[in-house]
Structure formats: structure tokens, C-alpha cells
Amino acid sequence: RSAVALECRQGTRKIYLSSKVMLTPDQWDHGRVVNHSNAEKLTVWLVRWMNNIEEVELDALLNGRQMTLLQLKEAVKSGIRANATLREFEESVIETDSSRCLNTKRSYRYLVGEMEREFGPLVVAEVNYDLVVKYRERLRNKGLSENTVKGRLKALRCLMEQARLRDLINKNPFDNITIGNIGGRAGGLTAGEVGRLERLELSGLDAKVRDLFLLGCFTGLRWGDLSTFEEAEIRNGIMKKTMYKTHHDVVVPIGKIFYGKAMDILGRYPDITTLSHCCCNTTANRILKELALKAHIKKRCYFHLARKTFSQLLNLRGMDRSDI
């Protein structure tokens, strides 16, 4: 048996697109499936499959593009067509990208959903300069912070750049739109504020959340890394971990920096997972805010503040994170 394939020619070059429908020679007769229990259904499916390939090329021609054989093959393989909706394109490009973390994919899904609520289902090519400007104004009219608006626009710009790279659009509508940099929040905690958190008399979940936050202050780990901390990632006071968000490997001598406070925290628990798996991010942030009030800390506390605190404490000691 072999797969039914479609031969596509362009000049002297040709490629074959497999339908993955496996048949024997006697089951194929002049474009129809015969001598098969599902002959009629398979014939209809193959006709629709070939029509879909023709539509992929036709859509490109109607949008002023002449596809190469390689582009046709990739478009058929990925299911991305010139008239793909924004949601279809996001699902084909972002959702299937193993290098993007779950939270990033969620943010893109939310972005597409929000645009559909504002403008209805959109074809990728319909996202032009005027629509982006309208989207920006609607976000601002909702009272969203400027950082939130810029974040949504940056995500949309990235999505449209992916469309441009795949020749679904000729030009990224953001080429003539300036988004600007996202402003940073306030810096991390001071050494004194960290000390007040350390001295709080706590027990149960409150103590675990406080210790997990302090662990972030002394290691520079994000929540995604703190909540997946494992025993095997610590050896002889050296932390070796693959970052959840970036997939980069980092090595931090936590037994030496900050007088080994990170190791002291871990030593309070029978194993790291007792601490790292204590609760979800939402619960941890809620408890942390309550603990900050008890410690008379006026800054808005959230778990990513631990990473900023780590950098700030290192800088106070004349070190840069690149030195460790």
C-alpha cells in the first residue's frame, strides 16, 4: 500500500503532497477509490482535500501573492491560509510553539478573544493600521493602565510579524505605529524590609509563602521556577536550574551569596517540594500582601518583586547578576 499524493508543478520543479490515505493499486481508478469498504467516503474526502489545496493557492493569488511550491507545502502542512482568521492563525503559530510557556500562550488567547469581542471575527489581513489605532483607543477608554495597553499592542505586533514572515500580509501594520517602552514598577524591597519579613513569627501556610518569597529574594527565581523547585536541582550549595519561562540554564551559588540564607530556608523543610508546592500563585500573592502589612511594608508586594529584590540586593553588594 502507498499514500495517495497530489503532484504540484511550477515550471520545471514539482513537489508531492501526501493525503496520508493508504491504498493498494487496485483500489484506485481514475481519481476514485474502488474496491474498498469506505470507497465513497474516501473519494469525497480526497476531493475536498484537493479542493482545499487549490483554495490555499487561490486565496494567495486573490491577495496579490504568487506562492512558491515550498510556501504551498508549508501552508497546507500548517493549515495557515491567506484568509485565515486571527484565531486560526494564533492557534496554528502560537499554540503549537513548544518554546513558548503556558502563560504566554494564555495571553495570546486572551488578546485574540478580546479583539473578537471588540471587532468580531477578524481575518489576519484585516488587522491594518486603522484597526490597531481603534484597538489602542478602546483599551485606553476602558481605563486600562498604559503598561497594560502597551503589553497588548506588543503581543499583537508580534503576532502580525509572524503573519508577515509567512507572507500572509505584505506589511506589518505596526511599522508606522510607535508603542513605546513599558514602564517598570517600583524597585525591590530594601534589606531592612526583607529583614522585617524574616523576623515575622509565622506558622503553617503563611510561613511557607513567606519563606518561598524570601527564597526568590535570595535566588532571583520567578514564580514559575520557585513553584517547580526540585531537590535534584541543589548540589553542594549550587543551584542548577532550567528556567521555566526562557528555558535557559542558570547556575547560582546560593550557599555563598547572602550568607547562605537560601540554604537556611530550605533546611527548614524535609524536602524542597514541601515548600515549592505549597499553593497556587494567586493564593501566594494574596497571603504575601497580608504579610507585608504585618511587616509594615508599604510597597505593593507580589511574587515577582522577589526577583527585583534579588537584583537590588546584589547591586548593593557591588555585584551584577552576570557575575554569578
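How far apart are the end C-alpha atoms of helix H13, and what span should its 13 residues have at 1.5 Å a residue? These legends walk through that helix and a few other close-ups of this predicted model.

**View 1. Helix H13, end to end and what lies over it.**
Helix H13 covers residues 304-316. At 1.5 Å a residue, its 13 residues should span 18 Å, and the end C-alpha atoms sit 19 Å apart, so the two values agree. Quite a few side chains here are tucked away: Leu305, Ala306, Arg307, Thr309, Phe310, Ser311, Leu313 and Leu314 are buried. An α-helix has 3.6 residues a turn, so residues three or four places apart point the same way. Have a look at what does the covering: helix H7 (191-198) and helix H8 (204-219) are among the elements over the buried residues of H13.

**View 2. The open sheet S5-S6-S7.**
Here three strands line up in the order S5-S6-S7 as an open sheet, with antiparallel pairing. Strand S5 (234-235) and strand S7 (249-252) are at the edges with a single partner strand each, so one side of each has no neighbour in the sheet. Between S5 and strand S6 (residues 238-242) there are two bridges, in the antiparallel sense. On the other pairing, S6 and S7 run antiparallel and are joined by four bridges. Met239 is a handy landmark: this S6 residue stands opposite Ile234, and it also stands opposite Val252 in S7.

Over in the loop between S5 and S6 you'll find Asn236. Asn236 also has a positive phi, about 55°, although it is not a glycine. With a relative accessible area of 80%, Asn236 is exposed. For context, most residues other than glycine have a negative phi.

**View 3. Helices H4 and H6 crossing.**
Two packed helices are described by the angle between their axes and the distance between the axes. For helix H4 (residues 102-119) and helix H6 (residues 146-165), that comes to an angle of about 95° and axes 10 Å apart. H4 and H6 are therefore roughly perpendicular to each other. On the H4 side, the contact is made by Tyr108, Tyr110, Leu111, Val112, Glu114 and Met115. H6 brings Arg152, Ala155, Leu156, Cys158 and Leu159. Sorted by class, this contact has nine nonpolar residues, two charged ones and no polar ones.

**View 4. Lys14 and its surroundings.**
Which residues does Lys14 touch, leaving out those up to four places away in sequence? They are Glu7, Cys8, Arg9 and Leu69. Lys14 belongs to strand S2 (residues 13-23). Leu69 is 55 residues away along the chain, yet the C-alpha atoms of Lys14 and Leu69 are separated by 7.4 Å. At 41% relative accessibility, Lys14 counts as partly exposed.

**View 5. His30 in its loop.**
Last stop is the loop between strand S3 (28-29) and strand S4 (32-33), where His30 is found. Is His30 buried or exposed? At 78% relative accessibility, His30 counts as exposed. Its backbone is worth a glance too: His30 has a positive phi of about 50°, although it is not a glycine.

Conventions: Residues are numbered from 1 along each chain as its sequence is written. This is a predicted model: local features need pLDDT of at least 70, side-chain atom pairs count only at pLDDT 80 or more; totals for chains, interfaces and linings use all residues. Side-chain values use heavy atoms; hydrogens and water are left out. The expected span of a helix is 1.5 Å times one less than its number of residues. Buried means under 20% relative accessible area, exposed over 50%, partly exposed in between (1.4 Å probe, protein chains only). Contact means heavy atoms within 4.5 Å. Two strands pair if DSSP finds at least two bridges between them. Axes are lines fitted to C-alpha atoms, for helices over the stretch in contact, and angles run from 0 to 180 degrees between N-to-C directions. Angles under 35 degrees count as roughly parallel, over 145 as roughly antiparallel, 65 to 115 as roughly perpendicular and the rest as oblique. Ala, Val, Leu, Ile, Met, Phe, Trp, Tyr, Cys and Pro count as nonpolar, Asp, Glu, Lys and Arg as charged, and the others, Gly among them, as polar.
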